[in-house]
Amino acid sequence: MDPYVSRADIAARPAPAREQTMLSRLRGDYFFSISAICQTVVLFVMVATAAILLFRWGVLHAVFAGDGAASASEACRVAHGACWAVIGDKLRLILFGVYPFEEQWRPAIASILMVCLYGLSVQRALWRMLLFWLWLGVLTIVGVLMWGGVLGLRYVPDSEWGGLPITLILSTFGLALAFPLAVLLALARQADNIPILQTPAVVFIEFARGIPLLVVLFMASVMLPLFLPPGIEISKLLRVLIAFALFAAAYLAEVIRGGLQAIPIGQYEAATALSLGYWRRMYWVILPQALTIVIPGIVNIFIGFFKATSIVVVVGIFDLMTAAKRAVADPLWQGFGIEVYLFAGLIYFVFCFSLSRYSAGLERHLDRGERQRATVS
């Protein structure tokens, strides 16, 4: 008999104890060696010093309000901290730009409706046809509120829009138009056996990725009207929106194409063996897997272009950042631009961070089956 084989039952050993205390985790992560201790202490001192200085500047010695704009401005100039009073005085200008002051309740309601619509759209239980009709209805209400001209509302041309609503409209409509176009471009670029589709897709993608967004916006705002027939005019906001969507579609197409290339050939062959046509094969088998793979890349493009809406200032459209610049141009508040830009940056951060966290949760949810299969195997 093999001497290495036990002839008696061996009792199962208990699982090794796992330390879960906060002290043990801190010791294992930050104090496991002399070098790590020194680095941790130095970093802690630097972070603590910065936090104390920031607290003194932003809270302890800050000016939050005054009896009026002039008195608050004077108080800020003699204070040694932040001047948050400028936010209170210029809040409506920052959020709504040059939209008529007495009508600014309309873009406020429109912005709230769009944000609420975002919140509903991330609920997977609502991913049905109802959500499409909800989007259509809410966007119709947003259009009525912003333009007016009906129901007793004063007409406000889109040339007078500004602030946060412009940022939300450009990013929402631009990316919503760009995504389906990007899918078609990615599929066309993959069609090696159909040059009549592949060549235009390659030319468009490479051309769009090879020129700056600034040039595209100038072409849409300045050059395009020169080629239109007399008597035909297209709104500047609409022209910029279309240019923004086409530019974003080129970048999204390459991300989606990367997902298509990551799908094993066996998936294509299995779908073909089931007698699925091209579009059904793509819709039911290939695209769901490809889009799941490239969720981080797609979200990265979304976040990048959400922030890139600030560049529309060069063609005379007043988005959130442009409205913030106009707010600090007031001679009464000269020298307090840091506070205004921090406030605008906080708004961008809230939207971008929320999108990032949601995409991470969606990625984990869609990857649950793959993790379960890996555990079983």
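## A helix pair

Helix 13 and helix 15 are roughly antiparallel to each other, a label for angles over 145 degrees. Helix 13 covers residues 295–308 and helix 15 covers residues 337–366; they pack at an angle of about 170°, with their axes 10 Å apart. Helices here are DSSP runs of H or I with at least four residues, numbered from the N terminus. Axes are lines fitted to C-alpha atoms over the stretch in contact, and angles run from 0 to 180 degrees between N-to-C directions.

On the helix 13 side, the contact (heavy atoms within 4.5 Å) is made by I295, P296, V299, F302, I303, F306 and K307. Helix 15 brings residues including Y348, F351, L355, L362 and L366. The contact residues divide into twelve nonpolar, two polar and two charged.

## How the model is treated

This is a predicted model, where local features need pLDDT of at least 70, side-chain atom pairs count only at pLDDT 80 or more, and totals for chains, interfaces and linings use all residues. Residues are numbered from 1 along each chain as its sequence is written, and side-chain values use heavy atoms, leaving out hydrogens and water.

R257 counts as buried at 18% relative accessibility, the cut-off being under 20% with a 1.4 Å probe and protein chains only. Beyond its neighbours within four places in sequence, R257 is in contact with A186, R189 and Q190.

Notes:
Helix = DSSP H or I, 4+ residues; strand = E, 2+ residues; numbered from the N terminus. Parallel < 35°, antiparallel > 145°, perpendicular 65-115°, else oblique. Nonpolar A, V, L, I, M, F, W, Y, C, P; charged D, E, K, R; others polar. Buried < 20%, exposed > 50% of the residue type's maximum accessible area, 1.4 Å probe, protein only.
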